[in-house]
Amino acid sequence: MKRKSNKHSIPTKYTLLILTGFCIIVMFVSFTLNLSGGPLNTVAGYVFVPMQKGLNSIGSWFLSRADDLKSLRDVMQENKELQAEVDRLTQELNTINLEQYELDNLRELMELDQKYPSYEKVAARVIGNAGGNWFSIFLIDKGSKDGIEKDMNVIAGSGLVGIVIDTGPNYAKVRSIIDDASNVSSMALSTADRCVISGNLATMNEHQVIEFTDLKCEDDAIQSGEQMVTSHISDKYLEGILIGYVSEIERDSNNLTYSGTITPAVDFQHLQEVLVILDKKTVQEGQEGN
């Protein structure tokens, strides 16, 4: 059953307005007449003191929030400045690391240059490759204008990279020793026993090695870790350039030769700078290809 609404009731907002006005009048009269100890003062004590405390509390709360917001803005600004400083320092660190990496590469090339002092060389930067994870065929930023010709040897890192197969005025194309079409006449450094090292991208992808075949040597004369260098009988590669290290070796089924794998001396995933040897191998009668 619904209650009857009181048509004569005063709305709450008006009641509050009336009470507020009454309180203001009482306060005015009390302070104007200075009625100490009077009934108005007593009423003021009961009514306005709690109200004043409440207003003070509210004011203190807003003031505290304002201080908190100011502190938050200060912290956010400080954080923004710190983040900008972190970004700047990170950029500087990246630049330093890149410069250090390039410096290490240049130092490596200088050491390699000193390793083969009798050859004239020109430094070049790698500017593109044929795709994939490995620099099997790639371009460098020096060409015929810089004296580079086809069949010149290319070195980097600790040893042989490959050979120039094409040139333009301002570029040259290089086939590295890991390319499937590459074959290098080589020999063991300690015994001078010869073999053929063939590029193999499949074994590079799987184990980061290439293959050697037709090695004729005494039993156990060649062990893992043996240095393999370019042979003196090659018609394209200069003698004595480090190719890599024997990682595995086994006797062939004919019991006459050995085969195995070579870990290249050069990092063919991260080539950036190379040295092109301007001296070309002088072909003599009776020398093998490769």
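A salt bridge, as the term is used here, is a side-chain nitrogen of Lys or Arg within 4 Å of a carboxyl oxygen of Asp or Glu. By this rule the count for the structure comes to four.

Before I take them up, a word on the basis of the values. This is a predicted model, in which local features need pLDDT of at least 70 and side-chain atom pairs count only at pLDDT 80 or more, while totals for chains, interfaces and linings use all residues. Residues are numbered from 1 along each chain as its sequence is written, and side-chain values use heavy atoms, with hydrogens and water left out.

I begin with the overall picture. The protein chain has three helices and twelve strands, these being DSSP runs numbered from the N terminus (helices H or I, at least four residues; strands E, at least two). Of its 290 residues, 32% are buried; buried means under 20% relative accessible area, exposed over 50%, and partly exposed in between, with a 1.4 Å probe and protein chains only. The accessible surface is about 18,400 Å², and 55% of this belongs to carbon and sulfur atoms. These areas come from the Shrake-Rupley method with a 1.4 Å probe; for residues, only the protein chains shown count as cover. Taking contact to mean heavy atoms within 4.5 Å, 60% of the contacts between residues at least 6 apart in sequence join residues at least 24 apart.

Let me turn to the interior. A nonpolar core is a set of buried Ala, Val, Leu, Ile, Met, Phe, Trp, Tyr and Cys residues joined through side-chain atoms within 4.5 Å. The largest such core holds 52 residues, and Ile-140, Ile-177 and Leu-271 have the most contacts inside it. Leaving aside neighbours within four places in sequence, Ile-140 touches, among others, Ala-124, Arg-125, Val-126, Tyr-171, Val-274 and Val-276.

Arg-125 brings us back to the salt bridges. What is the partner of Arg-125 in its salt bridge? The partner is Glu-273, at 3.0 Å from N to O. The pair links distant parts of the chain, with Arg-125 in strand S1 (residues 121–129) and Glu-273 in strand S12 (residues 273–277), 148 residues apart. Arg-125 is partly exposed at 36% relative accessibility, whereas Glu-273 is buried at 11%.

A further salt bridge joins Arg-175 to Asp-179, whose closest N and O atoms are 3.3 Å apart. Here Arg-175 is partly exposed at 26% and Asp-179 is buried at 9%.

Asp-219 and Arg-251 also meet in a salt bridge, at 2.6 Å from N to O. Asp-219 lies in the loop between strand S8 (210–215) and strand S9 (227–230) and Arg-251 in strand S10 (residues 242–251), so the pair ties together parts 32 residues apart in sequence. Arg-251 is partly exposed, at 37%.

Next, the aromatic pairs, of which the structure holds two. Rings of Phe, Tyr and Trp (its six-membered ring) pair if their centres lie within 6.5 Å; planes under 30 degrees apart count as stacked, over 60 as edge-to-face and the rest as tilted. Tyr-116 and Tyr-119 are stacked, at 6.5 Å centre to centre and 25 degrees between the planes; Tyr-116 is buried, at 8% relative accessibility. Phe-135 and Phe-138 are edge-to-face, at 6.1 Å and 85 degrees, and both are buried.
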